[in-house]
Amino acid sequence: MRYEGSVKRVGDDVNTDYIISSRRKRDTLDAHVLKQYFMEDLDPEFAARVRPGDILVAGKNFGCGSAMEIAALVVRASGIRVVLAKSFARSFYRNGVNNGLLLVECDTSAIQDGQKLEVESADSGIFVYSEGTLLAQAPSLAPVQQEILAAGGIV
């Protein structure tokens with residue numbers, strides 16, 4: 001599988017309430033409605049800048065906080081299919097995989113906001129390139145993760 005997109009960069013410890021604020025979930029749990037509020041507490045203009053195919057890049061502990069599945073659903077509804085991070089909170093990682101997101105733990109320190117990336121998932125590993133230069137890599141996905149991703153998620 002191969003993905004191409006522009007980087008939308010966030011920092012460390014982005015919790016699920018930053019991904020989608022709890023106050024927004026009082027009105028609806030429809031991810032396609034909530035996507036307009038994606039990351040609004042970190043940057044009120046973030047959702048407006050996201051385009052389908054963009055790649056979300058984070059520091060460590062992405063998705064920490066509560067284990068609400070809606071956070072992963074909002075990321076996906078925003079058109080993002082790939083999230084690169086130094087590390088993920090366990091519950092977000094599982095929710096993301098279950099909902100068809102490619103989540104890659106790798107060194108993201110060399111990746112800049114706005115940079116164009118190519119992410120290639122192969123049997124030999126996951127490789128992150130920019131203009132032909134290898135920026136990061138990670139081990140390949142487990143076979144069950146590959147099946148879930150290929151199906152677009154568990155549901």
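1. Basis of the model. The model is predicted, so local features need pLDDT of at least 70 and side-chain atom pairs count only at pLDDT 80 or more, while totals for chains, interfaces and linings use all residues. Residues are numbered from 1 along each chain as its sequence is written, and side-chain values use heavy atoms, with hydrogens and water left out.

2. Fold. The protein has six helices and seven strands, where helices (H or I, at least four residues) and strands (E, at least two) are DSSP runs numbered from the N terminus. Along the sequence these elements follow the pattern β-α-α-α-β-α-β-α-β-β-β-β-α.

3. Overall dimensions. For 155 residues, a compact globule would have a radius of gyration near 15 Å, and the 14 Å of the protein agrees with this; the radius is taken over C-alpha atoms, and the globule rule is 2.2 Å times the number of residues to the power 0.38. The C-alpha atoms fill a box of roughly 45 × 30 × 25 Å along the principal axes.

4. Among contacts (heavy atoms within 4.5 Å) with a separation of 6 or more, 64% come from residues 24 or more positions apart.

5. Aromatic pairs. The structure holds five aromatic pairs; rings of Phe, Tyr and Trp (its six-membered ring) pair if their centres lie within 6.5 Å, and planes under 30 degrees apart count as stacked, over 60 as edge-to-face and the rest as tilted. The rings of Phe62 and Phe92 have centres 5.1 Å apart and planes at 90°, so this pair is edge-to-face. Phe62 lies in the loop between β2 (55–57) and α4 (70–77), and Phe92 lies in helix α5 (residues 90–98), 30 residues apart, so that the pair links distant parts of the chain. Both Phe62 and Phe92 are buried, and ring pairs join Phe62, Phe88, Phe92 and Tyr93 into a cluster.

6. Helix α4. Because six of its eight residues are buried, α4 is largely enclosed by the rest of the structure. The buried residues are Ile70, Ala71, Ala72, Val74, Val75 and Ala77, and they pack against α1, α2, β3 (82–85) and α5. Just after α4, Gly79 takes a positive phi of about 95°.

7. Val57. This residue belongs to strand β2 and, at 0% relative accessibility, counts as buried. Leaving out residues up to four places away in sequence, Val57 touches Val7, Lys8, Arg9, Val10, Leu84, Thr108, Ile111 and Leu117. The C-alpha atoms of Val57 and Ala85 are separated by 5.8 Å, although the two residues are 28 residues apart along the chain.

8. Ser21, in the loop between α1 (16–19) and α2, counts as buried at 6% relative accessibility; leaving aside neighbours within four places in sequence, Ser21 is in contact with Glu40 and Asp41.

Terms used: Buried means under 20% relative accessible area, exposed over 50%, partly exposed in between (1.4 Å probe, protein chains only).
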